[in-house]
Amino acid sequence: IEEKTLEAMKKLAHELSNIAMERIKVEMDKLLQGKNSSIAFQYSREIGLPTLFPKLFSSFAQLDSFTPFLNARHGWAAMLLLSNVSSAEFARKFKLSNEEKRFLKQIEEASAIRVDHSFQDLELYRYPLEVLDIGERIHNAQFPDETTRTLEQLAERKNNLPIKQRSELAFTGNDLLVWLGRCGGKWTSEWIGKIEEAVVERRVENDAKAIKEWFLYEIFREE
């Protein structure tokens, strides 16, 4: 950018407050998925955007280290984690779509887990591959000395899980009623969840007979 153009941008930067958030969102999408987004962040600091609009652009001070982004969603995820606000508040501020809200909520959860430990089978099962991959990339940007997994490694581990979704379980809720001889209730959904986790974590084989034995042992042990 020429010096004259940059000076004009500095003088007009405050006018951004008159621009509708929907328009800002569209332009942000373009910026985040651009090939030279890190340069754009540098210019944004030069014209004072983080200072003029800290609630919107405070993350621009550190966002360079997270580039390049795979796509705009990757950029929004990095911005969220640098903003020190909840995903719900962040989404409201930028008027994100419901689908983008759900995505950032998953990023928020997965990133908190990743800080505590590397993604285990249960996280690989619960979260889409895109969320896992972006979560891993962001973690790598924050903690470059730690070992992280590539998209291919995450995909391989996810593909090797005992099940990919709940419908693949080798039993039904009705089976639990029959095995235990009880009427359905809140306990049914709770135990379906517990069995699902046990299968994913390979604590029990995804086989009806094995699940029945595990379930009866565990439920009576807890009672």
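Reader: What volume does the largest pocket have?
Author: Keep in mind that this is a predicted model. The value is computed from its atoms. The largest pocket has a volume of about 400 Å³.

Reader: Which residues are the closest to the centre of the largest pocket?
Author: The lining of this pocket has 16 residues. They divide into 13 nonpolar, 1 polar and 2 charged. The closest to the centre are Leu 16, Glu 27, Met 28, Leu 31 and Leu 49.

Reader: Which helix gives the most to the lining of the largest pocket?
Author: Two elements give two or more residues each: helix 2 (21-32) and helix 3 (37-46). The one that gives the most, with 5 residues, is helix 2.

Reader: Where does the largest share of the lining of the second largest pocket come from?
Author: About 190 Å³ of space lies in this pocket. Its lining has 15 residues, and nearest its centre lie Phe 66, His 74, Arg 137, Ile 138 and Asn 140. The lining divides into 5 nonpolar, 6 polar and 4 charged residues. The largest share, 6 residues, comes from helix 10.

Reader: Now helix 12. Why are its buried residues on the same side?
Author: The buried residues of helix 12 (residues 173-180) are Leu 176, Trp 179 and Leu 180. They lie on the same side of helix 12 because they cover an arc around the axis of only 85 degrees.

Reader: Which helices do the buried residues of helix 12 pack against?
Author: Leu 176, Trp 179 and Leu 180 are the buried residues here. Their packing partners are helix 13 (186-200) and helix 14 (208-222).

Conventions
Residues numbered from 1 in each chain as written. Predicted model: local features only at pLDDT ≥ 70, side-chain atom pairs only at ≥ 80, totals over all residues. Heavy atoms only, no water. 1 Å grid on protein atoms, 1.4 Å probe; cavity = no way out; pocket = protein on both sides within 12 Å on 5 of 7 lines; lining within 4 Å. Points joined across faces, edges and corners; volume = space filled by probe spheres on them. Helix = DSSP H or I, 4+ residues; strand = E, 2+ residues; numbered from the N terminus. Nonpolar A, V, L, I, M, F, W, Y, C, P; charged D, E, K, R; others polar. Buried < 20%, exposed > 50% of the residue type's maximum accessible area, 1.4 Å probe, protein only. Arc of directions from axis to C-beta. Contact = heavy atoms within 4.5 Å.
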